[in-house]
Amino acid sequence: MVEVQQLTKRFGSRLAVDQLSFNVGPGEVLGFLGPNGAGKSTTMKMVTGFLQPTSGTARVNGFDILEQPLDAKKAMGYLPEGAPAYGDMTVQQFLNFIADIRGLSGDFKRARMQRVVEDVHLTQVLAQRIDTLSKGFRRRVGLAQAIIHDPKVLILDEPTDGLDPNQKHEVRHLIRNMSKDKIIVISTHILEEVEAVCTRAMIIAHGKLLADGTPDDLAAKSRYHGAVTLKLAARDEAARVLKELPDVLEVKNEDASNELTVFPRPGAAVLQSVSAMVEQKRWTVQALYQQKGRLDDVFRQITGGAAA
Amino acid sequence: MKNHPISILLKRELNSYFATPLAYVFIVIFLALTGVFTFYLGNFFERNQADLAPFFGFHPWLYLFLIPAIAMGIWAEERKTGTIELLLTLPITLWQTVIAKFLAAWAFIAIALACTFPMWITVNYLGDADNGAIFTAYIGSLLMAGGYLAAGMCISALTRSQVIAFIVSLVVCFVFVMAGFPMVVDVVRGWLPNGIVDALAGMSFLTHFQALSKGVLDLRDVVYFVAMIAAWLYASILIIDLKKAE
């Protein structure tokens with residue numbers, strides 16, 4: 001359990017995090033969303049015990065980060081922003097150092113090292129100095145050091161930043177696999193990532209919590225929620241006709257190709273009436289689907305267009 | 001003790017000196033300069049005395065340049081690469097990291113100092129040397145090096161630029177070396193009360209090292225250097241805690 005209570009951080013006159021409170025339980029993958037400078041990293045730095053909060057506190061696994069920092073730190077794995085690591089060490093030496101200082105030893109240490117190196121695919125670079133690694137490998141080394149002690153709580157600051165699409169997919173897969181009995185908090189500004197790995201998303205801006213729910217809940221706040229998109233040649237005619245249907249608020253031509261989107265009035269559904277009309281008019285449609293809602297739309301709406 | 005966080009971090013730090021050419025370059029330069037100073041500037045042979053006074057006499061000046069070069073990266077580099085965030089979120093306390101980093105750098109200097117043993121062999125070969133006095137002088141030199149190092153480390157914690165850390169450390173160490181001399185005392189005499197001026201004059205690295213370098217083990221000198229180290233390390237802890245966010 002991670003309990004964040006009234007957490008506040010002030011840098012001079014700037015309020016970076018403003019009385020943030022939330023709880024995260026086992027099995028949850030919480031995605032921290034927000035524009036750059038929203039206070040995501042600062043919050044993580046306080047929860048992991050790097051920065052001292054101006055006021056408020058956080059409890060990790062029951063340990064107060066201010067009163068029992070060592071116990072709290074033991075229960076956590078942390079990947080700081082940019083995945084810093086000691087460049088003059090080889091991957092093997094570095095992971096060995098982290099394992100030692102985290103108190104791993106003997107067979108357990110050997111088993112964890114082997115497991116983590118396999119999971120994160122580091123076998124081929126074990127003997128290389130971290131300085132000489134590509135960005136993708138460095139990020140994976142950062143991830144490996146965060147999970148080496150099999151922590152209950154995992155805090156990852158932009159875990160897929162700078163990775164190529166294959167690597168992103170792999171890291172997300174890894175996070176999903178670990179999530180069963182752990183608490184995972186990731187920060188990101190990639191919205192598809194939230195949909196791909198998170199069970200819960202929080203949107204923060206200016207240090208304040210603006211929205212909290214499952215990615216689907218959040219997406220449902222989008223005006224695209226329940227909207228019907230169709231693709232057909234007779235677009236202009238269809239737009240004119242569909243606009244007259246009851247419950248239709250607006251019909252919008254999408255920029256690309258021959259698509260148009262039909263927005264329902266709040267609380268209404270238009271899928272049935274739209275498809276009935278398509279049949280009645282015998283339009284040839286190439287695609288017709290109902291939208292779940294768009295997270296990026298909600299994000300822009302909530303954070304006031306200050307999206308990153 | 002082997003699994004204590006301090007000894008794990010100490011080992012990592014000490015290994016990292018030898019992971020790059022820095023350590024070897026440092027040791028070679030240190031040995032070359034002590035040799036040049038002792039034999040040419042110190043007139044080791046012409047003095048016709050079986051002691052290492054010319055050798056130890058130059059240590060305060062050598063350390064003035066070489067130790068800030070070691071200390072400059074200790075925190076500035078952590079800050080610049082962001083590893084400070086990694087280090088301080090591991091289950092190890094801040095004072096443990098400060099002690100471990102200091103001990104690692106100090107051990108490295110001790111290794112460099114130990115590499116000057118041919119000097120000791122030479123003087124024993126040439127005459128009947130007072131080995132007790134030489135041993136005391138070595139201990140004194142190491143203690144003084146610890147003073148320079150602790151000051152340099154503390155200044156390294158103030159900045160993320162190694163160059164700035166080097167220059168500021170050099171100046172601060174220079175002031176401490178010269179503290180008992182008119183150069184520093186005259187500057188402050190005009191506007192500080194006499195008591196403080198005298199106290200400052202008593203802070204000189206040089207005066208406290210002088211007796212030790214001659215083989216005289218005065219407890220006051222030892223206490224002075226130990227207190228110096230403790231004070232700078234304590235200041236480092238405060239500074240790091242204060243400036244973490246930047």
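Q: Before we dig in, what is a polar contact here?
A: A polar contact is a pair of N or O atoms within 3.5 Å. Within protein, one of the two must be able to donate a hydrogen and the other to accept it, and residues adjacent in sequence count only if both atoms are side-chain atoms. Also keep in mind that this is a predicted model.

Q: Got it. So which backbone oxygen does the side chain of Thr116(B) reach?
A: That of Leu113(B), at 2.5 Å.

Q: And which side chain does it make a polar contact with?
A: The side chain of Thr116(B) makes a polar contact with that of Tyr138(B), at 2.7 Å.

Q: Where is Thr116(B) found?
A: In a loop of chain B, between helix H7 (94-114) and helix H8 (117-126).

Q: Buried or exposed?
A: Thr116(B) is buried, as its relative accessible area is 2%, and buried means under 20%.

Q: What does Thr116(B) touch, leaving out residues up to four places away in sequence?
A: Phe30(B), Leu31(B), Thr34(B), Phe55(B) and Tyr138(B). So Tyr138(B) shows up both in that list and as the polar partner within the 3.5 Å cut-off.

Q: OK, another threonine. Where is Thr284(A)?
A: In the loop of chain A that runs between helix H10 (271-281) and strand S14 (285-290).

Q: Let's zoom out. How many helices and strands are in chain A?
A: Chain A has 11 helices and 14 strands. Its C-alpha trace spans about 75 × 45 × 30 Å along the principal axes.

Q: What percentage of chain A counts as buried?
A: 53% of its 308 residues. The chain exposes about 14,000 Å², and carbon and sulfur atoms supply 46% of that.

Q: What share of the contacts in chain A with a separation of 6 or more comes from residues 24 or more positions apart?
A: They account for 65%.

Q: Switching to the interface. How many residues of chain A and chain B are in contact?
A: 24 residues of chain A contact 23 residues of chain B. The area buried between the two chains is about 2,300 Å², with 69% of it from carbon and sulfur atoms.

Q: Which residues of chain A lose the most area to chain B?
A: Phe50(A), Tyr86(A) and Ile101(A); together they give 33% of what that side buries.

Q: What's the make-up by class?
A: The side of chain A that touches chain B has 14 nonpolar, three polar and seven charged residues.

Q: Back to salt bridges. How many over all chains?
A: 18 in the whole structure. Side chains of opposite charge can pair when their charged atoms come close.

Q: What does Arg129(A) form a salt bridge with?
A: Asp131(A), with the closest N and O atoms 2.8 Å apart. Arg129(A) is partly exposed at 30% relative accessibility, and so is Asp131(A) at 43%.

Q: Are Glu13(B) and Arg12(B), which meet in a salt bridge, buried or exposed?
A: Buried: Glu13(B) has a relative accessible area of 5% and Arg12(B) comes in at 6%. Their side chains meet at 3.2 Å, N to O.

Q: What about Asp218(B) and Arg220(B)?
A: Their side chains meet in a salt bridge at 2.9 Å, N to O. Asp218(B) is partly exposed at 23%, whereas Arg220(B) is exposed at 63%.

Key: Residues are numbered from 1 along each chain as its sequence is written. Chains are lettered from A and ligands numbered from 1 in the order in which they are written. This is a predicted model: local features need pLDDT of at least 70, side-chain atom pairs count only at pLDDT 80 or more; totals for chains, interfaces and linings use all residues. Side-chain values use heavy atoms; hydrogens and water are left out. Contact means heavy atoms within 4.5 Å. Buried area is the accessible area (1.4 Å probe) that two parts lose on being put together, summed over both. Ala, Val, Leu, Ile, Met, Phe, Trp, Tyr, Cys and Pro count as nonpolar, Asp, Glu, Lys and Arg as charged, and the others, Gly among them, as polar. Helices (H or I, at least four residues) and strands (E, at least two) are DSSP runs, numbered from the N terminus. Buried means under 20% relative accessible area, exposed over 50%, partly exposed in between (1.4 Å probe, protein chains only). Accessible areas come from the Shrake-Rupley method with a 1.4 Å probe; for residues, only the protein chains shown count as cover. A salt bridge is a side-chain nitrogen of Lys or Arg within 4 Å of a carboxyl oxygen of Asp or Glu.
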